[in-house]
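Me: I have a structure open and would like to learn how to read it, feature by feature. Could you walk me through it?

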Amino acid sequence: DIIDVIGSYVTLKRAGSNHQGLCPFHNEKSPSFTVFSKSDSFYCFGCGAGGDVITFIMRVENLDYMSAIEHLAKRAGRSMPVGANAEKEINMRKRILEMNKEAAVFFRKAFKSGKYPKAMQYAAKRELDGPLGTHFGIGYCPDEYGALANHLRRCGYTADEMKAAFLCAEGKNQRLFDYYRGRLIFPIIDPAGNVVAFGGRALGDEKPKYLNTNDTDAFRKGRNIFALNFAKNSKEDHFILCEGYTDVIALHGAGFTNAVAGLGTAFTSEQANLLKKYKE
């Protein structure tokens with residue numbers, strides 16, 4: 001239980017249906033750290049730290065993902081699965097999340113570099129080139145065969161890892177090419193702040209108009225919501241469900257920070273339940 005776990009590190013006091021206390025991640029005199037019972041999550045309105053019980057243990061104990069799982073398993077008196085497949089999956093998830101973060105930075109730097117006027121012109125037309133673009137981390141994947149692949153290789157990632165993250169694919173000549181090349185990039189960030197996937201928008205009439213990350217060890221399309229990392233903190237008691245990325249961003253720019261979108265044409269019961277955790 002998240003209240004029990006965090007309560008062993010932070011003195012919590014009930015505030016309605018939630019609990020509040022002094023944030024353990026930065027110095028403060030008045031409590032801005034809130035634990036939300038309904039969504040099993042925490043958020044600090046002072047420093048922006050937030051996530052679920054696993055994220056909390058990772059931060060407060062300075063542990064990686066798998067070590068945090070082991071820590072919580074011991075606390076709950078449960079044994080950890082030690083099979084090779086389980087460990088391999090957890091380690092791959094960690095690598096993909098690290099790689100996605102690196103890719104998001106790469107895309108953002110490319111977008112801001114001024115080297116790709118077509119991307120800047122399209123973004124300006126959709127009002128994605130100013131503070132809103134910065135807020136949502138809008139990026140661009142250069143229209144080159146393997147610019148991202150070469151960058152990630154220099155960062156120590158393998159071809160198999162890049163393909164597993166759905167960032168790159170293998171051509172007929174067995175060379176890696178960037179999956180999103182020539183597209184405007186929308187990072188998809190989960191409520192815990194992890195970059196779990198990307199959406200790529202064609203700048204012209206190319207088909208398909210959007211390319212999205214396939215399911216990976218770190219991402220399931222039917223279990224994630226675009227912009228929920230921002231919208232979950234809205235003071236409104238409901239969400240505005242939009243069709244796509246640009247609709248959400250436009251509404252946030254107009255002050256409707258409770259706007260979100262599904263990922264693709266289908267909307268699943270898992271996505272509905274995820275929204276319900278934050279607004280009922």
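Reply: Gladly; let us begin with one residue. Thr34 is found in strand S3, residues 33-36; helices (H or I, at least four residues) and strands (E, at least two) are DSSP runs, numbered from the N terminus. This is a predicted model, in which local features need pLDDT of at least 70 and side-chain atom pairs pLDDT 80 or more, while totals for chains, interfaces and linings use all residues. Residues are numbered from 1 along each chain as its sequence is written, and side-chain values use heavy atoms, leaving out hydrogens and water.

Me: Is Thr34 buried or exposed, and why?

Reply: Thr34 counts as buried because its relative accessibility is 5%; buried means under 20% relative accessible area, exposed over 50%, and partly exposed in between (1.4 Å probe, protein chains only). Leaving aside neighbours within four places in sequence, Thr34 is in contact (heavy atoms within 4.5 Å) with Asn18, His19, Gln20, Ser41, Phe42, Tyr43 and Phe45.

Me: Which residues of helix H2 are buried?

Reply: In H2, residues 53-60, they are Ile54, Thr55, Phe56 and Ile57. These buried residues pack against helix H1 (2-7), S3, strand S4 (41-44), strand S5 (50-51) and helix H3 (65-75). At the start of H2, a side-chain oxygen of Asp52 comes within 3.2 Å of the backbone nitrogen of Ile54. After H2 comes Asn62, with a positive phi near 55°.

Me: How do I read a nonpolar core?

Reply: In soluble globular proteins, nonpolar side chains tend to be buried together. A nonpolar core here is a set of buried Ala, Val, Leu, Ile, Met, Phe, Trp, Tyr and Cys residues joined through side-chain atoms within 4.5 Å. The largest has 50 residues, of which Leu167, Phe198 and Phe226 touch the most other members. Helix H4 (84-112) gives the largest share of this core, eight residues. Apart from it lies another core, of 17 residues, including Leu12, Val35, Phe42 and Ile54.

Me: And what lines the largest cavity?

Reply: Rolling a probe the size of a water molecule over the atoms shows where empty space is left. The lining consists of Phe136, Pro187, Ile189, Phe226, Ala227, Asn229 and Phe230. On a 1 Å grid over the protein atoms alone, a cavity is a set of points where a 1.4 Å probe fits but cannot get out, and lining residues have an atom within 4 Å of a point. About 40 Å³ of space lies in this largest cavity, the volume being the space filled by probe spheres set on points joined across faces, edges and corners.

Methods:
On a 1 Å grid over the protein atoms alone, a cavity is a set of points where a 1.4 Å probe fits but cannot get out, and a pocket is an open set with protein on both sides within 12 Å along at least five of seven lines; lining residues have an atom within 4 Å of a point. A polar contact is a pair of N or O atoms within 3.5 Å; within protein, one must be able to donate a hydrogen and the other to accept it, and residues adjacent in sequence count only if both atoms are side-chain atoms.
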